[in-house]
Amino acid sequence: MIDNKTLATYCNEYLNVAKFSDYCPNGLQIEGTSEITKIIAGVSANQDLIDQAIDEKADALFVHHGFFWKNEKASITGIKKNRIKALLDNNINLFAYHLPLDAHPVVGNNIQLALRLKIQNPQPMGDTLVWKGQIDAPLSDVAQTLHNVTGREPLIFGDADKPIRTITWCTGGAQSYIEHAIEIDADCFITGEVSEQIPAIAKENNIAYISAGHHATERYGVQALCQHLAQQFDLDYQYIDIDNIV
Ligand SMILES: [Zn+2]
């Protein structure tokens with residue numbers, strides 16, 4: 001058992017929250033019970049995930065995509081009211097960590113994806129949110145490994161036989177960050193989504209591009225974080241995947 005304020009302080013320090021200027025508040029977004037024994041991890045705080053967390057009698061729900069995004073309406077109406085009311089009625093704490101959970105060197109989405117893809121020497125590229133590393137495989141093998149890891153068929157742009165050595169990636173919806181991969185002449189860039197102009201940009205810069213799923217590439221950080229917390233504070237832990245093909 002741990003109290004919610006102590007857990008929030010621990011997470012904020014562990015994830016270095018103060019270092020980030022983000023599109024949403026990171027940390028305890030909705031306050032619930034002070035005594036936490038059961039935590040649940042999920043990617044996005046939608047109603048399906050909240051309903052399952054209620055069924056599982058969670059004390060805290062940890063997500064990568066929480067509430068209160070910049071540019072969204074501040075008023076608490078409609079589905080936002082439904083989600084928040086369900087959490088408050090059931091005394092469930094909502095913890096959300098966005099960029100700090102992408103970037104963390106141990107439990108972050110990017111390092112966790114790199115470990116699963118067996119990328120050598122994974123490291124962040126300077127001040128960007130993009131990571132780089134080495135691999136030695138044709139594009140088709142990289143794509144197949146991603147398919148196996150995520151359980152989702154990726155969209156592949158490039159010659160299947162293209163040898164991939166310098167590989168770059170950024171979990172989530174980071175298609176515009178292909179520019180950072182082009183700057184260092186990477187052989188391949190992996191992210192979660194793709195936009196209309198990307199296939200041509202990739203082809204003309206001779207870089208392979210893989211769109212592996214926003215949800216699919218961002219499942220691993222929140223799981224690693226909660227496994228760490230469960231061990232550290234002797235908590236019950238469960239991951240709930242609300243399937244999302246995007
Ligand atoms: Zn995301």
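User: Asp-136 first: buried or exposed?
Analyst: Asp-136 counts as exposed, at 65% relative accessibility. Buried means under 20% relative accessible area, exposed over 50%, partly exposed in between, with a 1.4 Å probe and protein chains only. This is a predicted model: local features need pLDDT of at least 70, side-chain atom pairs count only at pLDDT 80 or more, and totals for chains, interfaces and linings use all residues. Residues are numbered from 1 along each chain as its sequence is written, and side-chain values use heavy atoms, with hydrogens and water left out.

User: Which residue does Asp-136 meet in a salt bridge?
Analyst: Arg-165, at 3.8 Å, N to O. Asp-136 is in strand β8 (residues 131-138) and Arg-165 in strand β10 (residues 163-169), so the pair ties together parts 29 residues apart in sequence. Strands (E, at least two residues) and helices (H or I, at least four) are DSSP runs, numbered from the N terminus. A salt bridge is a side-chain nitrogen of Lys or Arg within 4 Å of a carboxyl oxygen of Asp or Glu.

User: How many salt bridges does the structure hold?
Analyst: The structure holds 6. Among them, Glu-72 pairs with Lys-80, with the closest N and O atoms 3.0 Å apart. Lys-80 is buried at 12%, while Glu-72 is partly exposed at 32%.

User: Switching to the metal. Which residues coordinate the zinc ion?
Analyst: His-65 (NE2), His-214 (NE2) and Glu-218 (OE), at 2.1 to 2.2 Å. Donors are N, O and S atoms within 2.8 Å of the metal (3.2 Å for Na, K and Ca); water is not among the atoms, so sites may look incomplete.

User: And what's the donor spacing in sequence?
Analyst: H-x148-H-x3-E. His-65 sits in strand β5 (residues 60-65) and His-214 in helix α9 (residues 214-217), 149 residues apart.
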